[in-house]
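Me: I've got a model open and I'd like to learn how to read it. Can you walk me through the features one at a time?

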Amino acid sequence: MEFRIEKQDAEGESEALLSLYQWLYKDDTLERTTEVELREAPREEGAMGGAWDVVNIVLTHATALANLALALAAWRRTHPSAPPLNAHANGTTVTVHTDDPEAVRRLLEALNTPDSGAEG
């Protein structure tokens, strides 16, 4: 499964995404089951791009979802002033602004079902 995570507000600094990328990239529990990349978001024609707009995550095993939820919740807990993040997959978007690992896991699981947008 592939996720794209970006700030809810597309404007402003990309420091939160860079921090999240570094956090996930260095997480030992994600190392063998998850690919993490920092990318520029696709732009509409004529729009200017930012530096790093998207953290792209590919889970190579379904069981990695729980580890990703724990890592994302831990990052949110250590970065309480970080902006809400939007996670996209399969045409669905969820907004993550909680540090509760179970709530984050449920939100990420919702991305498996198209048209099931949720917030938490």
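Reply: The expected span of a helix is 1.5 Å times one less than its number of residues, and helices (H or I, at least four residues) and strands (E, at least two) are DSSP runs, numbered from the N terminus. Helix 2 has 15 residues and spans 21 Å from first C-alpha to last, close to the 21 Å expected at 1.5 Å a residue. Helix 1, with twelve residues, reaches 17 Å, close to the 16 Å expected.

Me: Before we go on, what sort of model is this?

Reply: This is a predicted model, in which local features need pLDDT of at least 70 and side-chain atom pairs count only at pLDDT 80 or more, while totals for chains, interfaces and linings use all residues. Residues are numbered from 1 along each chain as its sequence is written, and side-chain values use heavy atoms, with hydrogens and water left out.

Me: How do I read the packing of helix 1 and helix 2?

Reply: Axes are lines fitted to C-alpha atoms, for helices over the stretch in contact, and angles run from 0 to 180 degrees between N-to-C directions. Helix 1 (residues 15–26) and helix 2 (residues 64–78) pack at about 135°, with axes 10 Å apart. That makes helix 1 oblique to helix 2; under 35 degrees is roughly parallel, over 145 roughly antiparallel, 65 to 115 roughly perpendicular and the rest oblique.

Me: And which residues of helix 1 and helix 2 make the contact?

Reply: Contact means heavy atoms within 4.5 Å. Helix 1 brings Ala16, Ser19, Leu20, Trp23 and Leu24, and helix 2 brings Leu68, Ala71, Leu72, Ala74, Trp75 and Thr78. They split into nine nonpolar, two polar and no charged. Here Ala, Val, Leu, Ile, Met, Phe, Trp, Tyr, Cys and Pro count as nonpolar, Asp, Glu, Lys and Arg as charged, and the others, Gly among them, as polar.

Me: Which residues are buried in helix 1?

Reply: Buried means under 20% relative accessible area, exposed over 50%, and partly exposed in between (1.4 Å probe, protein chains only). In helix 1 the buried ones are Ala16, Leu17, Ser19, Leu20, Tyr21 and Leu24. Their cover includes strand 1 (2–7), strand 2 (34–39), strand 3 (54–59), helix 2 and strand 4 (85–89). Across the protein chain, buried residues make up 42% of the 120 residues.

Me: How does helix 2 sit against helix 3?

Reply: Their axes come within 8 Å and cross at roughly 125°, so helix 2 and helix 3 are oblique to each other. On helix 2 the contact uses Leu65, Leu68, Ala69, Leu70, Leu72, Ala73 and Arg77; on helix 3 it uses Pro101, Val104, Arg105, Leu108 and Glu109. This set has nine nonpolar, no polar and three charged residues.

Me: Is Thr33 buried or exposed?

Reply: Thr33 is buried, at 16% relative accessible area, and lies in the loop between helix 1 and strand 2. Leaving out residues up to four places away in sequence, Thr33 touches Val58, Leu59, Thr60, His61 and Ala64.

Me: What about phi at Asn90?

Reply: Most residues other than glycine have a negative phi. Asn90 has a positive one, near 55°. Asn90 is in the loop between strand 4 and strand 5 (92–96) and counts as partly exposed, at 49% relative accessibility.
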